[in-house]
Amino acid sequence: MKTKGTKNKRMKLPHGDGSIYFIESRNRYAGQVTLIIDGDKLRKTVYGKTEKEVKDIIRELHIQAQAGNLHNPKKPKPLTIYDLADKMIEEQLMLNEIRQSSYDRKKSTFKMLSAISDMDIKAVTEEDVITFFSECLDYSQSCINKMYQLLCAVFNKAIRKGIIEISPMCDMKRPKSKQKKIPIRALTIDEQIKLLHILKTEDILYSEIMLLSMFTGMRIGECCALEVEDIDFVERTISVSKTVSRGEYGTTVINEIKTEAGMRLLYINEDVADFVSECVGDKESGLLFKSTTDKLITTNQVNSSYSKAVEDFNILDQSVYGKVDLHSLRHTYATRCIESGMPAKVLQKLLGHTDINITLNTYCSVFEKYRNEHLAVADEYMKANNLAIA
């Protein structure tokens with residue numbers, strides 16, 4: 001029988017961590033354990049209703065300490081890349097600096113940084129960052145660019161907050177992917193004729209969206225977000241101000257277009273106006289296009305149908321270099337415009353590019369080809385009129 005204020009006989013643990021004993025005043029068993037936490041030896045006392053409960057707690061503490069999941073309260077917790085990046089992205093969304101779709105993209109990008117994100121931001125060296133990126137070179141250039149931009153933003157924020165004095169990426173250039181970049185190309189005229197025939201005569205899901213993109217240069221997301229109210233048949237215009245994008249938890253939502261240049265008024269010819277009128281039908285308002293389940297159509301849904309049609313009907317000329325995807329419909333419209341002699345500045349407005357350099361750089365090879373053709377025509381004209389330098 002135990003006497004009040006006394007302890008029961010101590011029992012040694014197999015780990016040599018001390019003893020388990022009963023404390024009358026608490027009516028609890030207690031045990032002590034020594035753990036290595038944050039590089040220091042810490043002695044902890046734990047309590048339980050039974051000896052077994054105390055033993056289980058001690059075992060769990062050993063496991064957590066070995067996994068690095070415990071923190072020494074006497075030491076300040078190191079600020080990791082994850083901590084600062086997560087706080088930065090949450091603040092950007094809270095202050096409406098970024099939209100939900102951008103927030104989701106940044107979160108997805110952040111998952112790719114898992115190999116480096118748990119490091120103490122003060123301890124990260126240039127060598128750490130170089131090593132990280134050297135193991136990511138099989139990713140696409142787009143993925144590498146996003147990771148590079150996000151990491152730069154995190155370190156720059158750490159500098160502004162006085163956490164570090166200099167970024168470990170200050171002398172580091174953007175890494176280059178090992179993947180061979182194949183440019184997205186437009187459809188040739190023959191390919192476009194074949195696809196046009198298929199879309200008009202075969203039962204291709206979402207063919208109307210593909211046709212609209214092909215003859216207006218609209219992005220697929222912009223087409224999917226169109227509402228009846230955006231169409232003016234009197235003035236023959238389409239108001240482009242919204243796009244379909246991914247929202248929170250992977251849902252599909254309609255957002256306003258990010259840039260002022262992207263918000264544009266497209267003038268359409270009579271044929272396109274008649275086609276859009278058929279798409280509208282007897283709808284008086286709401287979405288112009290809906291899925292078979294009466295829901296918002298996603299770009300992925302259209303892409304799936306488009307890719308299948310292109311493959312099933314053997315649309316592509318395999319001898320022509322370049323990648324053909326859903327975005328090629330927009331490229332095709334732009335290329336036909338350039339071939340017709342449309343100035344780059346006009347095309348920039350139609351496509352909603354913020355800078356004419358985007359237009360020139362995207363379609364530089366097409367502009368170059370037709371610039372040379374126009375020069376040849378000018379040369380022939382001058383020769384025909386006996387205008388020669390020698």
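User: How many of the 5 residues of strand E2 (residues 19-23) are buried?

Analyst: A note before we start: this is a predicted model, where local features need pLDDT of at least 70, side-chain atom pairs count only at pLDDT 80 or more, and totals for chains, interfaces and linings use all residues. Residues are numbered from 1 along each chain as its sequence is written, and side-chain values use heavy atoms, leaving out hydrogens and water. Strands (E, at least two residues) and helices (H or I, at least four) are DSSP runs numbered from the N terminus, while buried means under 20% relative accessible area, exposed over 50% and partly exposed in between (1.4 Å probe, protein chains only). The rest of the structure largely encloses E2, because the number of its 5 residues that are buried is 5.

User: Which residues point one way from E2, and which the other way?

Analyst: All of them are buried, whichever way they point. One way go Ser19, Tyr21 and Ile23, and the other way go Ile20 and Phe22.

User: In E3, what is the bridge partner of Tyr21?

Analyst: E2 is joined to strand E3 (residues 28-37) by 4 bridges, and the two run antiparallel; strands count as paired if DSSP finds at least two bridges between them. They form a hairpin with 4 residues between them, and Asn27 in the turn has a positive phi of about 55 degrees. Across this pairing, the partner of Tyr21 is Ala30.

User: Which residues stand on the uncovered face of E9?

Analyst: Ser239 has Leu265 as its bridge partner in E9. The covered face of E9 holds Arg264 and Leu266, while the uncovered one holds Leu265 and Tyr267.

User: Where does Asn269 lie?

Analyst: Asn269 counts as partly exposed, because its relative accessibility is 43%. From Asn269 to Glu380 is 111 residues in sequence and 34 Å in space, C-alpha to C-alpha. As for its place, Asn269 lies in the loop between E9 and H10.

User: At what angle do helix H8 (residues 207-216) and helix H12 (residues 328-339) pack?

Analyst: Their axes are 6 Å apart; axes are lines fitted to C-alpha atoms, for helices over the stretch in contact, with angles from 0 to 180 degrees between N-to-C directions. H8 and H12 are therefore roughly parallel, a label for angles under 35 degrees, whereas over 145 is roughly antiparallel, 65 to 115 roughly perpendicular and the rest oblique. The angle is about 30 degrees.

User: Which residues of H12 make the contact with H8?

Analyst: Contact means heavy atoms within 4.5 Å. H8 brings Met210, Ser213, Met214, Phe215 and Thr216, and H12 brings Leu329, Arg330 and Tyr333.

User: Which residues does Ser117 touch, not counting residues up to four places away in sequence?

Analyst: Ser117 lies in helix H4 (residues 114-117). It counts as buried because its relative accessibility is 6%. Its contacts are Thr80, Ile81, Tyr82 and Phe110.

User: How many disulfides does the structure hold?

Analyst: A disulfide here is a pair of cysteine sulfur atoms within 2.5 Å, and the structure holds 0 of them. Cys152 is in none, with the nearest cysteine sulfur, that of Cys170, 9.8 Å away. For Cys279 the closest cysteine sulfur, in Cys223, is 9.9 Å off, too far for a bond. The count is therefore 0.

User: What is the relative accessible area of Cys152?

Analyst: Cys279 counts as buried at 12% relative accessibility. Cys152 is buried too, and its value is 18%.

User: What phi does Asn96 have?

Analyst: Most residues other than glycine have a negative phi. Asn96 lies in the loop between helix H2 (81-94) and helix H3 (100-111), and it is exposed because its relative accessibility is 64%. Its phi is positive although it is not a glycine, at about 65 degrees.

User: Where does Asp294 lie?

Analyst: Asp294 has a positive phi near 65 degrees. It is exposed, with a relative accessible area of 53%. Its place is the loop between helix H10 (270-280) and helix H11 (299-312).
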